[in-house]
Amino acid sequence: MRRPHCPLLLVLLLLLSCPWADGAVRGQIIGGHEAKPHSHPYMAYLKIRQSACGGFLVAPDWVMTAAHCLSGNITVVLGAHNVYEPEQSQQVRGVLRYHPHPAYNPDTMVNDIMLLKLTAKAKLNKYVHTISLPKTSSDLPTGTSCTIAGWGLIDKEQITGKLFETQVSIYSRRKCVLFYPHLDSGMVCAGSFHQLKDSSQGDSGGPLVCNNVAQGVVSFGYESPPGVYARIANYLPWIKNIMKK
């Protein structure tokens, strides 16, 4: 869901003419490498009809992902490294209830965050574990180093079912708004300043992890970095309210 296929030349024209998302579900880590198996035990692979999204376990029976990933019944696979292999570490769960943010706007990608209530709690172990959420609503400092991970395309032609990862850095809002004028407090930008490192189609819904805390949800972007993430810290009251129910 993440990549409008528009060149990053003539930024002002691009901002006026390109849509924020082209309807494809994201599946590519640009500039990444295969992750050490099960080094991200919070990662969830979401099967959605003929496509997929990423997600992450925030409680034994709750997975967080992007609201734009809601396009049919979702099957959640936890504890996977290669989603094309029947690994003994994998746990499969259905979704009991879907909670996209009530103010999600698919045209602007505002409030692109969703919680999934699983049909049964995950069995926590070294392959499957939760990840912490932010404690406060404060912004991340510019330049903070973060990790993104996802399954799918390595490039436009190479497909793999293995989990890939890469490092990105937080962009300042002042710099990011040049790419995305509609950036709001519920969004955060990240990417590599010098290399093509970013998430792409198929990694939608996966976490932006900074200092072992899930700070963002992969949302949308252009063909080149930076990418835009739903800023989890902005949604803490809503998250706590939904999970409390």
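Predicted model: local features only at pLDDT ≥ 70, side-chain atom pairs only at ≥ 80, totals over all residues.
Residues are numbered from 1 along each chain as its sequence is written, and side-chain values use heavy atoms, with hydrogens and water left out.

**The sheet**

Select the seven strands of the open sheet, in the order E7-E6-E3-E4-E5-E9-E8, with antiparallel pairing. Strands (E, at least two residues) and helices (H or I, at least four) are DSSP runs numbered from the N terminus, and two strands pair if DSSP finds at least two bridges between them. At the edges are E7 (91–93) and E8 (95–100), each pairing on one side only. From one strand to the next the twist averages 30°.

Next, select 62–65 and 114–118. These are E5 and E9, which run antiparallel and are joined by four bridges. Thr-65 stands opposite Met-114 of E9.

Axes are lines fitted to C-alpha atoms, for helices over the stretch in contact, and angles run from 0 to 180 degrees between N-to-C directions.

**A disulfide**

Select Cys-53 and Cys-69, whose sulfur atoms are 2.0 Å apart and form a disulfide. With a disulfide taken as a pair of cysteine sulfur atoms within 2.5 Å, the count comes to three. The S-S torsion of Cys-53 and Cys-69 is about -85°, so this disulfide is left-handed. Cys-53 belongs to E4 and Cys-69 to the loop between E5 and E6 (74–78), so the pair ties together parts 16 residues apart in sequence.

**The cavities**

Two cavities of 30 Å³ or more are present. A cavity is a set of points on a 1 Å grid over the protein atoms alone where a 1.4 Å probe fits but cannot get out; lining residues have an atom within 4 Å of a point. Volume is the space filled by probe spheres set on the points, which are joined across faces, edges and corners.

For the largest cavity, select its lining, including His-38, His-40, His-81, Tyr-127 and Leu-163.

The second largest cavity holds about 30 Å³ of space. Its lining includes Met-109, Asp-112, Met-187, Phe-220 and Tyr-229. Strands E15 (213–221) and E16 (227–231) are the elements that give two or more residues to this lining; E16 gives the most, with three.

Definitions and conventions. 1 Å grid on protein atoms, 1.4 Å probe; cavity = no way out; pocket = protein on both sides within 12 Å on 5 of 7 lines; lining within 4 Å.
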